[in-house]
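Reader: I have a model open and some time to go through it. Can you take me around, starting with the aromatic rings?

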Amino acid sequence: MSLELIQKQLSMRAEFWKKSLGWPNDNASYVFLGRAVHAMGRSMFGADWTGDEPCRDVMTELSVFPEKSGWRARLAHDLLVKHHPEFNRQLQKPYQHSFEFTGNEWMAAVMIVKKHNEQQMPGIRRFREARDRIIQLAEAGLLITAIREKAGGDPQPIPRRWWNSERIRDRFDLCQLRPDDPYNLGIGSDPFQWIFVTRESLMSCAPGGLADDGQAPKPAATTSTAPPPTEEPTKARPRLPAGKIEPAFRHWREQQPEGYIPTEEQDVAHMQALGVGRDKVRELRKKFPRRRRGEKRSG
């Protein structure tokens, strides 16, 4: 793929993720894949998930020695114009193909690229981990996905095998796939359809991730004028019998794809839904493999 096509695809992806108001709506049963990515990111990384992770990208590194022509030379020139006015370089002239650089100028451009990439990489890694987690869970059949025509209609289930491929990461550029050619590397043309995730499976696989989901269905307003109850504002969730707590935790861990260990926050969120407190979860975790938040178990 040419540099121009790569840049065009990256630009389309960034615009898509920045303009979420144009995304298809969720409903009581399905969540659009774009929002599911954010839900997974919040579940995996908590407050470290900023929401702009899918818009980030790295620049291709410049070579050590100055180049006089080609896209690297054009990039270096534009970076110097923008970030180093002290070099007094002028904007590119129409149809300009050749550039001259001193050693100091070229190294300044190299350092701009290096610093940019260092700043972007943590967010890029978070997005990649959230994306790969969704692929892993969908292929395992734990996260249930579907597609819907762009004009509307009922989502249709996606076969689990469609997630078993190394050619599908670009699905997350515009959150679409082509049902007649599910491993197609293109994006955005008419045959492509929106990807959704069932709300129930997402809540199970990304506990706590939908807490801030503005698309979540809200209960119908009530016209009752009855005064609020005087009892405790929040009822305690029914607690599992003591003998069932560890088996429930074991079942939660065993349903994870092979090699994946949930973070402490994921374990806590899942067990709190069953009425089990954080301290008890920490005790349980001592009997099972553990990892630091956001760090995958090797192998």
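Reader: How many aromatic pairs does the structure hold?
Author: There are 13 aromatic pairs. Bear in mind that this is a predicted model.

Reader: Pick one. What is the geometry of Phe32 and Phe196?
Author: The ring centres of Phe32 and Phe196 are 5.6 Å apart and the planes stand at 65°, so the pair is edge-to-face. The cut-off for that class is over 60 degrees.

Reader: Which parts of the chain does that pair tie together?
Author: Phe32 belongs to strand S1 (residues 30-32) and Phe196 to strand S5 (residues 193-198), so the pair ties together parts that are 164 residues apart in sequence.

Reader: Phe32 and Phe196, buried or exposed?
Author: Phe32 is buried, and Phe196 is buried too.

Reader: Which residues do ring pairs link into a cluster?
Author: The cluster consists of Phe16, Trp17, Trp23, Phe32, Phe127, Trp194 and Phe196, linked by ring pairs.

Reader: What sits over the ring of Trp194?
Author: The charged end of Lys150, at 5.7 Å from the ring centre of Trp194. There is also an arginine case: Arg171 lies over the face of Trp163, 4.8 Å from the centre of that ring.

Reader: Back to strand S5. What about Thr198, buried or exposed?
Author: Thr198, which is found in strand S5, counts as buried at 15% relative accessibility.

Reader: And what is Thr198 in contact with, leaving aside neighbours within four places in sequence?
Author: Its contacts are Ser29, Tyr30 and Ile144. Tyr30 falls within the residue range of strand S1, 30-32.

Reader: Switching to helices. At what angle do H8 and H9 pack?
Author: Helix H8 (residues 264-272) and helix H9 (residues 278-285) pack at about 125°, and their axes are 9 Å apart. H8 and H9 are therefore oblique to each other. Their crossing is right-handed.

Reader: Which residues make the contact?
Author: From H8, the residues are Glu264, Glu265, Asp267, Val268, Met271 and Gln272. From H9, they are Arg278, Val281, Arg282, Leu284 and Arg285.

Reader: Which residues of H8 are buried?
Author: The buried residues of H8 are Gln266, Asp267, Val268, His270 and Met271. They pack against H2, helix H7 (242-254) and H9.

Reader: How about H3 and H4, what angle do they pack at?
Author: About 85°, with the axes of H3 and H4 9 Å apart. That makes H3 roughly perpendicular to H4. On the H3 side the contact is made by Arg72, Ala73, Ala76, Leu79, Leu80 and His83. H4 contributes Glu105, Trp106, Ala108, Ala109, Ile112 and Val113.

Reader: My backbone check flagged Asn88. What is its phi?
Author: Asn88 has a positive phi of about 55° although it is not a glycine. The residue is in the loop between helix H3 (71-83) and helix H4 (103-139). Asn88 counts as exposed, at 61% relative accessibility.

Reader: Where is Cys175 placed?
Author: In the loop between helix H5 (171-174) and strand S4 (176-177). Cys175 is buried, with a relative accessible area of 0%.

Reader: One more loop. Where is Arg56 found?
Author: Arg56 is in the loop between helix H2 (33-45) and H3. With 17% relative accessibility, Arg56 counts as buried, since the cut-off is under 20%.

Reader: What does Arg56 touch, not counting residues up to four places away in sequence?
Author: Arg56 touches Arg13, Thr50, Gln119, Gln120, Gly123, Ile124 and Arg126.

Reader: Zooming out, how many helices and strands does the protein chain have?
Author: The protein chain has 9 helices and 5 strands. Their order from the N terminus is α-β-α-α-α-β-β-α-β-β-α-α-α-α.

Reader: What share of the residues count as buried?
Author: Of the 299 residues of the protein chain, 39%.

Reader: And contacts between residues at least 6 apart in sequence, what share join residues at least 24 apart?
Author: Among those contacts in the protein chain, 63% join residues at least 24 apart.

Terms used:
Residues are numbered from 1 along each chain as its sequence is written. This is a predicted model: local features need pLDDT of at least 70, side-chain atom pairs count only at pLDDT 80 or more; totals for chains, interfaces and linings use all residues. Side-chain values use heavy atoms; hydrogens and water are left out. Rings of Phe, Tyr and Trp (its six-membered ring) pair if their centres lie within 6.5 Å; planes under 30 degrees apart count as stacked, over 60 as edge-to-face and the rest as tilted. Helices (H or I, at least four residues) and strands (E, at least two) are DSSP runs, numbered from the N terminus. Buried means under 20% relative accessible area, exposed over 50%, partly exposed in between (1.4 Å probe, protein chains only). A charge sits over a ring if NZ of Lys or CZ of Arg is within 6 Å of the ring centre and within 35 degrees of the ring normal. Axes are lines fitted to C-alpha atoms, for helices over the stretch in contact, and angles run from 0 to 180 degrees between N-to-C directions. Angles under 35 degrees count as roughly parallel, over 145 as roughly antiparallel, 65 to 115 as roughly perpendicular and the rest as oblique. A crossing is left-handed if the near helix is turned anticlockwise from the far one by less than a right angle, and right-handed if clockwise. Contact means heavy atoms within 4.5 Å.
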